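Okay, thanks for making time, everyone. Let me put the model up and walk you through a few bits of it.

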Amino acid sequence: LPARALVPSELNEAETEEPATAPPAFPQSLMTPPQPNIASPSPGNSFMGLDDIAMVDSSYIVIPPDVGGGVGPTKVMDTFNNNYRIQDKTTGATLSTVGTATFWNPVVTNKALLIQLSDPRTTYDPIQGRWIVCMQTTNNPGLILFGVSFTSDPSGSWHLFSVSPGFTSSPLIDFPIIGFNKNWLVVTINAFTAAGAFNRGGTMIANYPQAAAGTLASVTNITQAA
């Protein structure tokens, strides 16, 4: 006999058909973005930070200012391309202002580079009670500058260091980012060719306890191809 298509019974379809119903409503709680239970508290204090002024040690100015900074237990440290300023955390009173050229002078041999400083990064380590800073020079080839404070007072003394990022084919560097844990200080940075084309990224790793003690036997440079 010739094969024929299997046709379901209309009777069986009628017997098993479910009554048409509307889809369940989506829970209203999932449709409305969560709202805070209480309003955020108002600032406990506010004051004017460092302004975009020329270097106090040379009247030289770098544009743009590349603003940065950090907050510690009792002090605020504003770090711009031109100057570093320490302020009282409670009153906002200015405790000191130093030009970046003066700050980094001890570890930059070529003094002409002290007006080619850029991209300040600043953070406070609440576990070790230390401030950590870094910058870079914009010359060819550039340098990575970083430092660790003696104590939790950024107005005091610093251990400062200047290192080459180790790029052989990418002499120009830009945009350092600093991080740390109890063992290591890390600076990541971008590298560019002399013509200005992005070439690769790099990571500098330094021994944190050594740096905090003022000695730095070596650093590790890792480069990643673009």
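So, start with strands S9, residues 172–180, and S10, residues 184–192: they pair in the antiparallel sense over seven bridges. Strands here are DSSP runs of E, at least two residues long, numbered from the N terminus, and two strands pair if DSSP finds at least two bridges between them. S9 and S10 make a hairpin, with three residues between them. If you want a spot to look at, Leu172 sits opposite Phe192 in S10.

Quick caveat: this is a predicted model, so local features need pLDDT of at least 70, side-chain atom pairs count only at pLDDT 80 or more, and totals for chains, interfaces and linings use all residues. Residues are numbered from 1 along each chain as its sequence is written, and side-chain values use heavy atoms, leaving out hydrogens and water.

Next, the open sheet: four strands in the order S1-S2-S3-S4, with antiparallel pairing. S1 (68–71) and S4 (94–99) are at the edges with a single partner strand each, so one side of each has no neighbour in the sheet. S3, residues 83–88, runs antiparallel to S4, and five bridges join them. There, Gln87 stands opposite Thr94 in S4.

Now, Thr79, which is in S2, residues 75–79. Is Thr79 buried or exposed? Buried, at a relative accessible area of 0%, where buried means under 20% with a 1.4 Å probe, protein chains only. The Thr79 side chain also makes a polar contact with the side chain of Thr122, at 2.7 Å. A polar contact is a pair of N or O atoms within 3.5 Å; within protein, one must be able to donate a hydrogen and the other to accept it, and residues adjacent in sequence count only if both atoms are side-chain atoms.

Terms used: Buried < 20%, exposed > 50% of the residue type's maximum accessible area, 1.4 Å probe, protein only.
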